[in-house]
Amino acid sequence: MTLSRRNVLLAGGLGVLGAGSFMVPTRSVDAKSASRLDESEMPRPFRTAFVQAPVLQPHARTTDPADGAPVHHYVVTERAAAAQILPRAGLTTPILGYNGIFPGPTISLDQGTKAVLRVRNQLPPTHALDGHVLSTSTHLHGSASLPQYDGYANDVTNPGFYKDYHYPNFQSARTLWYHDHGVHHTALNAYSGLAAQYHLHDPLERGLLPQGRYDVALTISDAMFAEDGSLGYDDNSHSGLWGDVMLVNGRPWPVMKVQKRVYRFRVLNACISRSLRPTLSTGDPIAVVGTDGGLVPGTQFVNNYRHAGAERYELLIDFRKYRTGQRIELRNLSNDNNVDYDYTHQIMAFDVVDEPVDTSDPTWNRIPAQPAPGNEVMALTAAQSTRTRHFELDRTNGLWTINGAIWQDVVASGYQKVAAQVDVDAVEIWEFENGSGGWFHPLHIHLVDFQILSRNGGSPFNYERGPKDVVYVGEGETVRLLMKFGPHRGRYMIHCHNLSHEDHDMMVQFRVGLAEGEPDPWDPMTAAPPQWEGDGSSAPSPSPTASPTPSPSPSPTASPSKGKGSGGGQQKPR
């Protein structure tokens, strides 16, 4: 039988263990469950221990001969694997993962240390579910990368190939994440496990906020399961997927032991559709000290906040007031037009222990009032803007659109059609109006950080008062954003981060610093094509003189990088 993407099952290991026949049905918003596991096999809240993803170590360290900056070289391999998510030993869930784990390994480095990330696609040739080629495109979300290293949707790496992504890391400290961005299959691939955090540090952040074991990454996602323990997939006619099991770092509703001190949490909503409204069971306020683009000018205290897919918020929670043995839950109040189930109102729990606290660490009891008062993005003013652009978010003929356009229009134009043509260093206001009915859209603009000027003519929420790259555009809402373009030239994407919407087909692009038809040395389809790796049995190490990451502001006459392979999704073994 033919399986649609509306009503399907991720069965039998995504190409490695064989497909099943059960299909998860579409559920209404008042559904009690989505999974079809036997009740005795289902995970339940607070029965697993909290874990963090391992930190990936560079396999080589070199120096950029152009400016003497250090360069760290990393390798991750995309492969099919099995994860122990469900409670019964031996009942594993097939996933796709960076290095075979979900979430993938965390990359952590300092501002000014460049990175070259080799992503090896050693996935099965095709997806067991719908037969699509398991080609991938890796996007470092939050990085001002050159276009050919930005994870352009059609710049795909096929199985048996690898691509070296160059990251400049000149931005201020922030929580980024890398995930698959392959055209029309981003939702399915990211849901299957291709997501991981990436942390950029700087001296201000190092001295101000908790580090090490007290700097905690929380990658939150949701899932549904079929009878055999594999992942279920139902995107409700391309509207979105809402699972009935909440995962934190790949574990269902885990419990973390905490000392009586201040902890920092880097919270990434990696759900492909679900938005969250986190709150503490005690009702105590949470301190928001960072948004997508780094530290906020002033700390904001909230009892709950709206958290859309792909947004990152850095939170401080002070456990000093709680008694030994007390359990504090991180709960989810949810938002309009999610599909909620019996246990999706819970996320994880913290158990307070009496372990001695190192009070010589100045961050043990510190909640700074002004983490980054001089943030460049937040210092922009509307008076600096030279143009205001309006974008309408809607649904037409079953496809999600931006100003009536879809990504297929971009492809049909030979990747030249743009929704906006902007100059390097231009400051503009972009206004997004959501007229799509009962749907919210997390809008992501690549390359830039922006400031939210207003929401429905009023002030933004206090927790949004920091540099952002994703904005929650709620039902019937209009948001105004202020941004400065650069430092790179070339083409970058704008899309909804409800990944079912992105795949069908809510994505357009803008062009920075190049006129239409002007030669583009940073063409994401040709400037840095993937390379054939054969059977992938080994990953060759770069030589110490391997080409480093280009400087943040390349000359418009710079030569594009060269390499073997045809790129653009047309690679063939050599």
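Residues are numbered from 1 along each chain as its sequence is written, and side-chain values use heavy atoms, with hydrogens and water left out. Because the model is predicted, local features need pLDDT of at least 70 and side-chain atom pairs count only at pLDDT 80 or more, while totals for chains, interfaces and linings use all residues.

The protein contains 34 strands and 5 helices, taken as DSSP runs (E, at least two residues, for strands; H or I, at least four, for helices) and numbered from the N terminus. Of its 574 residues, 62% are buried, that is, under 20% relative accessible area with a 1.4 Å probe, protein chains only. The accessible surface, from the Shrake-Rupley method with a 1.4 Å probe, is about 19800 Å², and carbon and sulfur atoms account for 49% of it. Among contacts (heavy atoms within 4.5 Å) between residues at least 6 apart in sequence, 78% join residues at least 24 apart.

The whole structure holds 6 cavities of 30 Å³ or more. A cavity is a set of points on a 1 Å grid over the protein atoms alone where a 1.4 Å probe fits but cannot get out, and lining residues have an atom within 4 Å of a point. The volume is the space filled by probe spheres set on the points, which are joined across faces, edges and corners. The largest cavity has about 160 Å³ of space. Its lining comprises 17 residues, with F102, A190, Y191, G193 and S221 nearest the centre. Two or more lining residues come from each of α1 (186–191) and β12 (215–225), and β12 gives the most, with 3 residues.

Terms used:
Buried < 20%, exposed > 50% of the residue type's maximum accessible area, 1.4 Å probe, protein only. 1 Å grid on protein atoms, 1.4 Å probe; cavity = no way out; pocket = protein on both sides within 12 Å on 5 of 7 lines; lining within 4 Å.
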